[in-house]
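Hello,

Here is the model I promised to hand over. My notes follow below it.

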Amino acid sequence: MNESVLLLSLASAVVIGTPILLAGLGEMMTEHSGVMNLGIEGMLLGGGVVGFWMSTQQASLPLAMAVGALVGALFALIHAYLAVTLRVNQIVSGLALVVTGTGFASFVGSLNDSSLIYARPVSKFEPVFGEAFRDLPVVGPLVLGHDWVVYMSWVLVAVAAFWLFRTRAGLALRAVGEDPATADTVGIPVGLTRYVYTMIGGAGAGMGGTYLMAGIFSTYQHGISAGLGWIAFALVIFAGWRPWRALVAAYVFGALRNLGFSLQILGVDIPPDVLNVFPFFLTIVALMVISARPAAARRFSAPSALTVPYARESR
Amino acid sequence: MRRFRSGVVVLFALALVAAACGGDEAEEVTTTAAPATTAAPTTTAAPEEPLRIAFIYDGEIDDGGWNEAHENGRQYLIANMDNVETTYVENVSPGSEFQAAFEDFGSQGYDLVICTTWCQDDVLTVAPSYPDTVYLSWGGYETAPNVGHYDGATEDGRYLDGLVAGSQPGVEFIGYVGGFAIEEVVRGVNAFMIGAREMNPNIEIQVVWVNSWYDPPAEQQAAQALVDAGADLLAAEVNAPAVASVAEAAGIGYIHYGIDGSGIAPNSWLSGFTFDWGPYYLSQAQALANGTWEPALTYGGLKDDMIGMAPFGSAVTDETIALVEQRRQEIIDGSLDYFAGPITDNQGNVVVPEGGTIPWEERTLCCQWLIEGVIGEIPAG
């Protein structure tokens with residue numbers, strides 16, 4: 001039984017890791033364009049609450065996810081306008097987005113006479129594979145037991161990795177993030193690129209939030225994400241801005257959040273608070289390890305122009 | 001530079017919008033005696049000034065748990081008392097924010113300020129400066145000339161909850177998500193177990209502490225870990241309903257905490273005790289209006305109508321409902337003492353000897369032990 005508790009705990013880690021992965025993957029694309037958006041938590045809640053509301057109004061979950069992504073992208077558009085067009089401090093603008101998104105979610109959550117807490121999604125995220133597959137030892141619960149969002153997130157990781165490092169568009173994107181002036185001279189639209197990828201980042205957070213509420217919780221609660229957005233932000237750094245690493249890291253972070261309770265059940269007394277700190281602690285360790293090795297530092301460091309606004313012909 | 005300025009203006013606008021939406025910011029709303037909206041004018045027979053009452057919440061009023069139960073109490077007060085004017089503040093944090101709120105309402109001359117969560121120390125700091133304002137704090141024990149305290153006897157309700165849980169066919173391993181391992185919660189777990197074992201002596205309860213009163217992801221994960229470990233029923237003692245959604249997804253029974261939450265888990269819902277704060281708030285407000293208010297410690301249970309039961313779910317049989325009602329009456333008329341000894345803790349020590357009990361006056365000091373059959377421990381410190 002003890003083994004199965006841990007195994008199921010890992011399977012739960014994949015589930016809770018998925019919103020972290022979706023939001024983190026989006027933020028990764030944003031950061032590759034040279035824009036840092038600290039507002040993940042706000043976009044996650046703001047996009048998620050509308051996506052969740054959508055899931056309570058009609059049966060199509062893909063539509064709810066799309067609406068959540070759209071609202072997340074609209075929140076990100078605010079950040080893009082401030083950061084790219086007005087060239088304000090991206091950190092301040094991102095933090096403002098956290099407050100805005102959180103407030104927006106609370107506002108929408110309490111709009112009706114009966115608040116969204118009591119609303120239910122019309123349909124559920126069902127496992128993709130049949131019971132015969134899900135009952136297989138180990139791979140059953142870990143790999144084959146999930147709903148389509150988990151598998152979609154794997155596809156998105158592959159697409160992101162391919163897009164970033166194997167296509168011209170990805171090269172253009174990374175050029176904008178590394179050296180926007182040079183990218184500009186070869187005709188890449190720096191501003192437009194940053195707008196598009198900032199909004200893609202918001203869409204990822206919005207999808208993550210919708211899945212968190214409509215999929216994992218089947219309910220809305222105030223402050224439901226409780227810092228998952230910040231974990232997604234740490235994830236990007238921990239993964240060294242690489243999609244495949246983000247996939248693994250998201251599940252490690254998810255497992256760390258889960259493990260505390262499973263260990264309590266097994267009689268191992270580690271306070272959950274300690275494990276909750278681990279994602280951030282690991283991120284710092286990863287930064288230290290990477291910066292200590294020049295070769296690694298070149299490969300896995302932040303885009304050079306990250307947080308630096310670009311204005312043509314200014315220095 | 002101009003562009004930079006316009007950016008700052010937009011940022012300020014954003015912050016204002018956020019503040020208006022009231023996410024993390026404390027939010028203040030005033031309602032007069034008229035029910036719900038100000039549309040219907042109340043027949044104010046008394047020409048004197050209305051009694052002004054402020055409520056302070058540490059979360060949001062529609063959290064589906066703790067704060068919503070207190071908000072229901074405020075609504076009860078509004079509906080049942082003439083010439084009263086209430087206001088509330090949400091999302092106030094303990095410490096300096098509590099003290100600032102107490103001072104605000106004190107200096108505005110409010111007659112009664114009710115703090116709905118643990119805030120004794122903050123109340124005692126501020127109260128002496130505003131002798132004309134009465135402060136009520138939940139869970140405190142040290143009174144002052146203008147400070148009283150109140151608390152609900154969780155264990156009364158938890159014993160009945162245990163009866164409901166224990167009577168569910170096939171239930172032997174109950175998962176219990178607790179906030180903090182403080183006396184009140186531990187007392188609740190113990191009473192729950194006494195009720196559950198009365199129905200089925202084989203029942204075991206696994207407790208998991210989340211070390212928070214409101215952390216939906218942590219509660220969800222703790223509940224999921226319990227389901228993974230084989231729990232066939234979930235109970236919760238945290239502010240929010242995250243555990244309910246896990247029970248609903250797992251298709252197992254669920255016992256809620258402190259409020260009617262049947263809408264949260266329509267299929268899993270069994271029952272759960274409720275905090276009925278309304279009558280107490282009304283009695284305090286009336287005593288103030290009549291000039292008969294005295295500082296007191298109020299510890300109310302089933303017999304004081306401070307604890308009730310939420311509606312039962314469809315999986316609860318009429319037989320069980322009748323038994324719960326019978327036990328409720330026995331507790332109210334004093335013929336049943338569920339804490340009657342002998343009681344053994346889960347380390348094998350006799351904590352209440354044969355013929356002994358945990359007297360009502362000493363209830364709030366109990367418990368620093370988990371009863372026999374509960375798996376888990378009270379973390380040190």
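**What I found**

Leu51(B) stands opposite Val84(B) in E3(B). This is a predicted model, in which local features need pLDDT of at least 70 and side-chain atom pairs count only at pLDDT 80 or more, while totals for chains, interfaces and linings use all residues. Residues are numbered from 1 along each chain as its sequence is written, with chains lettered from A and ligands numbered from 1 in the order in which they are written.

**Chain B**

Strand E2 (residues 51–56) and strand E3 (residues 84–89) of chain B pair in the parallel sense, over 6 bridges. Two strands pair here if DSSP finds at least two bridges between them. Helices (H or I, at least four residues) and strands (E, at least two) are DSSP runs, numbered from the N terminus.

E2(B) is mostly covered, with 5 of its 6 residues buried. Buried means 20 or more other C-beta atoms within 10 Å of the residue's own; exposed means 12 or fewer, and partly exposed lies in between, with C-beta atoms placed from the backbone. Over chain B, 50% of the 381 residues count as buried. The chain has 10 helices and 17 strands.

Chain B also holds an open sheet of 6 strands, in the order E11-E10-E9-E7-E8-E17, with parallel pairing. Its edge strands are E11 (269–271) and E17 (374–375), each pairing on one side only. Strands E7 (residues 173–178) and E8 (residues 204–209) of chain B run parallel and are joined by 6 bridges. Val177(B) stands opposite Val208(B) in E8(B).

Which strands does helix H5 (residues 154–166) of chain B touch? H5(B) packs on the sheet against E7, E9 (233–237), E10 (253–255) and E11 of chain B, and its direction makes about 135° with that of E11(B). Helix H8 (residues 242–250) of chain B lies across E7, E9 and E10, running at about 175° to E9(B). Axes are lines fitted to C-alpha atoms, for helices over the stretch in contact; angles run from 0 to 180 degrees between N-to-C directions. Contact means that the C-beta atoms of two residues, placed from the backbone, lie within 7 Å.

**Helix pairs in chain A**

The axes of helix H3 (residues 61–85) and H4 of chain A come within 10 Å and cross at roughly 155°. H3(A) and H4(A) are therefore roughly antiparallel. The cut-offs: under 35 degrees is roughly parallel, over 145 roughly antiparallel, 65 to 115 roughly perpendicular, and the rest oblique. Residues making the contact include Phe75(A) and Leu82(A) of H3(A), and Gly94(A) and Leu97(A) of H4(A).

The axes of helix H2 (residues 40–57) and H10 of chain A come within 6 Å and cross at roughly 55°. That makes H2(A) oblique to H10(A). Among the contact residues are Gly47(A), Gly48(A) and Gly51(A) of H2(A), with Gly202(A), Gly206(A) and Gly209(A) of H10(A). The residues of this contact divide into 9 nonpolar, 9 polar and no charged. Ala, Val, Leu, Ile, Met, Phe, Trp, Tyr, Cys and Pro count as nonpolar; Asp, Glu, Lys and Arg as charged; the others, Gly among them, as polar.

**Between the chains**

The contact takes 42 residues from chain A and 43 residues from chain B. H4(A) gives the most to the side of chain A that touches chain B, with 10 residues. By class, that side has 22 nonpolar, 16 polar and 4 charged residues.

Best wishes
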